[in-house]
Amino acid sequence: MDFHITLDGRGDRSTRIYRQLLEAILDGRLRSGERVPPTRELAERLGVARNTVAVAYDRLTAEGFLVGRVGAGTYVYSDGLRSRSRRAPAGTDVRPRAVWAAMAEPERDSASELPYDFSAGVPDAGLFPFGTWRGLLRPEAARADYGDPSGLPDLREAIARHVGVSRSVRADADDVLVTQGAQQALDLIARVLVEPGGCVAVEDPGYPLARRLFRSLGARVVGVPVDAEGLVVDALPASARLVYTTPSHQFPLGTPMSLRRRTALLDWAARHDAVVVEDDYDSEFRYSDRPLEPLQSLDRAGRVVYVGSFSKTLLPTLRLGFLVAPASLRPALRAAKQLTDWHGDPIAQAALARFIDEGLLARHIRKATRVYAARHERVATALRDDFAEWLDVVPSAAGIHLAARTRNDPEEVVRVARSRGVAIRSLATFSPEVHFGLVIGFGAIPVERIDDGLRVLAGSFAQAGTTVPSAPSTVIS
């Protein structure tokens, strides 16, 4: 491999090696079938521990960019990827539909390159058992047939058992449809249920990509306010035939929907002939009492489609999620799935089925919950004690982020913080309305960097025009 790797820059060494190898594969500098150096050889060349290189290789293998061949080494596996140095014709005479003109092209998120990454919804990749996952993938690599659009039967059965035990979701294997993450699940639901011009109600503030997805399919999207009990059911538009909500851990505020409000929402859906999409994106990580029963388990009329994902519990790059739908919707959803991508990745699905059945998912969630609970407590305590002059923390007992209301518009604080190496988002990025606040993730930042990162954030408040508290306690260790 005639390819230069440097350890200059920010981030831990394994991450730097991973990024440079990934860039080389995507750029075409490392081609499919090309052998990469053994971990020991590259480690000696870079002057790092062998395990540092092994972690980078394991991550690329789990994501499908490298493949190990027993007794022969590790090779680039990038069939189907095109070099980014090639360019298609400009096509200046062709245009997308008008709705896409208002949608900004996704930007590359460089938050992970900053020393203090408080991005919301990003799990800690270092917690993922890459070696175990690679071992589960290896025996499945020979699969070559087209699969069931609903997903592998073994995985559907494993998911039904898992959510039945962990979340009290009522489902068997036939009720489950495997997707490439929660985003594809929402896309399938909208394709099946939303008429052009039809009304879809979403939480405000809420998940921006859900709002944009429904708009892209021709829906009229209406934001509905959220209070301390969750989605305000009385504010739902009567014309809505689809309601998107995150009742277990409202995104991004973090509050759970009360039982009274859940019952009211189900009653409303029955009266208005509507379907409720329940996105249970990260309630696996719970730091206090057991959450309220999901809407799906309370639903007796078949009005709820339950959406889950392994992006937060495992890795976003795996693109594995699922939905649990009423029987009346399943044929259409299966057909939509086949038309979208046929069947997803059967190799990863088979590995995940074993991961669940062998108790490895439950073990991973227990471990990750302990780690995230410590970070949650550290961040929440610091925000309450040392940032009280500027913000009020929204109570939350689950997930990998916290929200806080600010006294004033925090956009300048966000800008200053980023210039000083802190990645953080304002609440306004999750809503078209005016919401003053911050969303602070703690999944992607190592616990040893939290105090320094919050100290820099406090300084950013000061630089943006607010006086720093005179006696910080937990921010400065």
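**Charges, burial and backbone**

Me: Buried, exposed or partly exposed: what does Glu41 count as?

Reply: Glu41 has 39% relative accessibility, where buried means under 20% relative accessible area, exposed over 50% and partly exposed in between (1.4 Å probe, protein chains only). The model is predicted: local features need pLDDT of at least 70, side-chain atom pairs count only at pLDDT 80 or more, and totals for chains, interfaces and linings use all residues. Residues are numbered from 1 along each chain as its sequence is written, and side-chain values use heavy atoms, with hydrogens and water left out. Because its value is 39%, Glu41 counts as partly exposed.

Me: How many salt bridges does a search of the whole structure find?

Reply: The pairs include a network that links Asp227, Glu229, Arg260 and Arg261. A search of the whole structure gives a total of 21.

Me: How far apart are the closest N and O atoms of Asp357 and Arg161?

Reply: Asp357 and Arg161 form a salt bridge. This pair links distant parts of the chain, with Asp357 in helix H12 (residues 346–357) and Arg161 in helix H6, 196 residues apart. Asp357 has a relative accessible area of 44% and is partly exposed, and Arg161 is likewise partly exposed at 44%. The closest N and O atoms are separated by 2.3 Å.

Me: Buried or exposed: what does Arg167, which pairs with Asp280, count as?

Reply: The salt bridge between Arg167 and Asp280 has its closest N and O atoms 2.6 Å apart. Arg167 lies in helix H6 and Asp280 in the loop between strand S10 (275–279) and helix H10 (295–298), so the pair ties together parts that are 113 residues apart in sequence. Asp280 has 8% relative accessibility and counts as buried. Because its relative accessibility is 3%, Arg167 counts as buried.

Me: Which side chain of opposite charge is nearest to Asp282?

Reply: Asp282 lies in the loop between S10 and H10, and is buried yet has no salt bridge. Contact means heavy atoms within 4.5 Å, and Asp282 touches His249, Lys312, Gly399, Ile400 and His401, not counting residues up to four places away in sequence. Lys and Arg count as positive and Asp and Glu as negative, while His and the chain ends are not counted. At 6.9 Å, the nearest side chain of opposite charge is Lys312.

Me: What is the phi of Gly421, which follows H14?

Reply: Helix H14 (residues 411–419) has Val413, Val414, Val416 and Ala417 as its buried residues. These pack against strand S15 (422–423), strand S16 (425–426), strand S17 (437–441) and helix H15 (447–463). After H14 comes Gly421, with a positive phi near 95°.

Me: What separates the C-alpha atoms of Ala464 and Val414?

Reply: Ala464 is found in the segment after H15, and counts as partly exposed at 30% relative accessibility. Leaving aside neighbours within four places in sequence, Ala464 is in contact with Glu412 and Val413. Ala464 and Val414 are 50 residues apart along the chain, and their C-alpha atoms are separated by 9.1 Å.

Me: What is omega for the cis peptide bond from Asp204 to Pro205?

Reply: Pro205 is found in the loop between strand S6 (199–204) and helix H8 (208–216). Another cis peptide bond joins Phe251 and Pro252, with omega about 10°; Pro252 lies in the loop between strand S9 (240–245) and helix H9 (259–272). For the bond from Asp204 to Pro205, omega is near 5°.

Me: What is the phi of Trp342?

Reply: Trp342 lies in the loop between helix H11 (330–341) and H12. Trp342 is partly exposed, with a relative accessible area of 35%. Although Trp342 is not a glycine, its phi is positive, at about 70°.

Key: Helices (H or I, at least four residues) and strands (E, at least two) are DSSP runs, numbered from the N terminus. A salt bridge is a side-chain nitrogen of Lys or Arg within 4 Å of a carboxyl oxygen of Asp or Glu.
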